[in-house]
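Come along and keep the viewer handy.

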Amino acid sequence: MRNENTPPAEITGPAAWIGSEMMQAPERWLVHLTSEQIAELEAAAQHYLSLGKDVGEITAEEFPLPKFGNHLKQLQEKLRTGCGVEVMRGLPVTGYTQEMAATIFCGIGAHIGRARSQNAKGHILGHVRDTGASSQDPNTRIYLTSSRQSFHTDSSDVVGLLCLRDAMEGGLSMLVSALTIYNRMRKQRPDLLEKLFEPIATDRRGEIPEGAEPYMNIPVLNWYNGKLTVFYQRQYINSAKRFSSAKKPDEMHIEALDMFDALANDPDLYLQMQLEPGDMQFVYNHSQLHDRTGFTDWPDPKQRRHLFRLWLSLPDDRALPECFKERYGSIEIGNRGGIITKETRLHAPLD
């Protein structure tokens with residue numbers, strides 16, 4: 001009889017998907033907004049803007065969605081126990097002010113979960129675009145460059161993106177199931193898979209909570225309460241080597257990370273899509289990894305690639321192991337995740 005404290009030989013369920021199969025079944029993850037749903041979202045946004053409050057203070061009660069709110073309840077469950085990803089298509093953002101687009105996006109987010117800070121400045125509304133920062137700087141957050149990222153998770157239960165403008169070329173979104181990677185490694189190299197359940201140093205990239213080390217020690221894979229949870233950013237694992245106090249991974253651990261990356265980058269396993277202006281993508285960080293290809297932007301600054309981002313804490317979500325406190329501070333369900341420092345004050349800058 002298998003010990004419940006050890007993961008199974010194979011993890012099944014809708015979150016253990018294969019990208020090539022998802023591509024053939026877009027109805028599993030792609031939703032086209034109707035004109036009625038768009039009108040309801042716009043009316044809710046106009047109501048909230050009439051209150052004169054900061055977008056960062058938005059609540060579900062102040063963003064009323066009597067019909068579409070039911071879909072967002074279903075989306076919570078889809079993220080927690082379903083395939084872990086959904087793209088809503090068709091929001092006419094080209095006709096909105098940036099404030100209107102942000103209000104709709106944050107209002108939807110308020111119905112899904114609780115917004116969390118995405119940096120030490122307390123921004124709950126992130127701006128994903130190339131700022132000209134160097135991807136070689138160990139204190140640079142990769143989403144602020146035009147470089148290829150790498151498959152990773154963010155520090156929240158859910159990450160949401162709203163595409164305002166896409167790049168001239170590239171910038172494709174990529175998703176892969178950590179459960180599927182686990183299944184492949186379990187069959188092919190169970191010895192390497194075991195290494196991924198050992199703690200490993202991950203760079204905080206300069207955003208350090210009071211009294212904490214400049215890096216975290218969290219395993220890539222965690223089996224807790226009968227669920228596999230992933231926490232991963234290879235670039236930040238690599239840059240943690242700059243700290244003399246951080247334990248360096250041994251050769252076998254590096255080989256395990258390399259295999260994990262190779263499987264994530266298997267074209268049969270990942271799902272790739274081009275987010276169009278008006279697309280909203282929501283991804284469950286505990287079971288899925290996401291990535292973005294490098295891109296070439298438009299010469300005109302007004303046309304350049306720009307996405308809004310939300311980090312959300314889900315109600316009624318899974319329990320997380322104690323080690324996640326190193327990143328989340330608290331692992332209280334519905335009130336966890338994000339980057340919290342002494343100076344953090346939550347707000348939503350529009351630009």
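Which residues line the second largest cavity? I looked in this predicted model and listed Ile200, Ala201, Ile237, Ala240, Lys241, Ala246, Lys247, Lys248 and Pro249. By class I noted six nonpolar, no polar and three charged residues in that lining. The volume of this second largest cavity came out at about 40 Å³.

**Entry: the largest cavity**

My search of the whole structure gave two cavities of 30 Å³ or more. The largest cavity holds about 420 Å³ of space. I found 32 residues in its lining, with Gln149, His152, Asp154, His290 and Arg309 nearest the centre. Sorting that lining by class, I got 15 nonpolar, 10 polar and seven charged residues. Strands S5 (158–165), S7 (173–177), S13 (280–284), S14 (288–292) and S16 (306–313) each give at least two residues to the lining of the largest cavity.

**Entry: the cores**

I turned next to the largest nonpolar core, which has 39 residues. Leu91, Ile108, Ile112, Leu162, Met280 and Phe282 have the most contacts inside it. At least two residues of this core come from each of helices H2 (35–49), H3 (68–81) and H4 (98–112), and from each of S5, S13 and S16. H4 has the largest share, eight residues.

I then checked Leu162, leaving aside neighbours within four places in sequence. Its contacts are Leu91, Val93, Ala101, Phe105, Gly278, Asp279, Met280, His306, Leu307 and Phe308.

How values were computed:
Residues numbered from 1 in each chain as written. Predicted model: local features only at pLDDT ≥ 70, side-chain atom pairs only at ≥ 80, totals over all residues. Heavy atoms only, no water. 1 Å grid on protein atoms, 1.4 Å probe; cavity = no way out; pocket = protein on both sides within 12 Å on 5 of 7 lines; lining within 4 Å. Points joined across faces, edges and corners; volume = space filled by probe spheres on them. Helix = DSSP H or I, 4+ residues; strand = E, 2+ residues; numbered from the N terminus. Nonpolar A, V, L, I, M, F, W, Y, C, P; charged D, E, K, R; others polar. Core = buried A, V, L, I, M, F, W, Y, C linked by side-chain atoms within 4.5 Å. Buried < 20%, exposed > 50% of the residue type's maximum accessible area, 1.4 Å probe, protein only. Contact = heavy atoms within 4.5 Å.
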